[in-house]
Amino acid sequence: NIYPQKGAWGIWSLPGSAEFHVKWTGIAEILGGVGLLSGGAFDAFAPVYSDCPNIFTDAGIGSDSAAALLLLTIAVTPANIYMYTHGAKL
């Protein structure tokens, strides 16, 4: 299992089950990818003079999705390090 066991590294204690955390991070990855694709498609195919409002910030959905995926990467990195250092099997 990729999810660290409770007490790993002495500080690992997240509420919820391993299955819950694996599912929400997977859903977040899919939504982030959809955001990148839709932001890129909007930039490529929408006219430059378009007055469509951005959804979250002035940067646009593509940049917002990229920032969210960066934060997700930071959030799941401890689990990846645990998997690598403890020889976890999928």
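Mentor: Let us begin with the largest pocket, whose volume is about 310 Å³. A pocket is an open set of points on a 1 Å grid over the protein atoms alone, where a 1.4 Å probe fits and protein lies on both sides within 12 Å along at least five of seven lines; lining residues have an atom within 4 Å of a point. The volume is the space filled by probe spheres set on the points, which are joined across faces, edges and corners. This is a predicted model, in which local features need pLDDT of at least 70 and side-chain atom pairs pLDDT 80 or more, while totals for chains, interfaces and linings use all residues. Residues are numbered from 1 along each chain as its sequence is written, and side-chain values use heavy atoms, without hydrogens and water.

Trainee: Which residues that line the largest pocket are the closest to its centre?

Mentor: Of the 15 lining residues, Y3, H21, T25, V76 and A79 are the closest to the centre of the largest pocket. Helix 1 (18-45) and helix 2 (61-86) are the elements that give two or more residues to this lining. Helices (H or I, at least four residues) and strands (E, at least two) are DSSP runs, numbered from the N terminus. The chain has two helices and zero strands.

Trainee: How many nonpolar, polar and charged residues does the lining of the largest pocket have?

Mentor: The lining holds 11 nonpolar residues, three polar ones and one charged residue.

Trainee: Is T25 buried or exposed?

Mentor: Buried means under 20% relative accessible area, exposed over 50%, and partly exposed in between (1.4 Å probe, protein chains only). T25 belongs to helix 1, and it counts as buried because its relative accessibility is 12%. Buried residues amount to 22% of the 90 residues in the chain.

Trainee: With which residues is T25 in contact, leaving aside neighbours within four places in sequence?

Mentor: Contact means heavy atoms within 4.5 Å. On that basis, and with neighbours within four places in sequence left aside, T25 is in contact with L72 and V76. The T25 side chain also reaches the backbone oxygen of V22 at 3.0 Å.

Trainee: Which residues does A28 touch, not counting those up to four places away in sequence?

Mentor: A28, also in helix 1, touches L69 and L72 when residues up to four places away are not counted. A28 is partly exposed because its relative accessible area is 24%. For the chain, 63% of contacts between residues at least 6 apart in sequence join residues at least 24 apart.

Trainee: Where does L14 lie?

Mentor: L14 is found in the segment before helix 1. With residues up to four places away in sequence not counted, L14 touches Y3, K6 and H21. At 36% relative accessibility, L14 counts as partly exposed.

Trainee: Is D43 buried or exposed?

Mentor: D43, in helix 1, is exposed, since its relative accessible area is 63%. D43 and G62 are 19 residues apart in sequence, with 8.7 Å from C-alpha to C-alpha.

Notes: Nonpolar A, V, L, I, M, F, W, Y, C, P; charged D, E, K, R; others polar. Polar contact = N/O pair within 3.5 Å; in protein donor to acceptor, adjacent residues only side chain to side chain.
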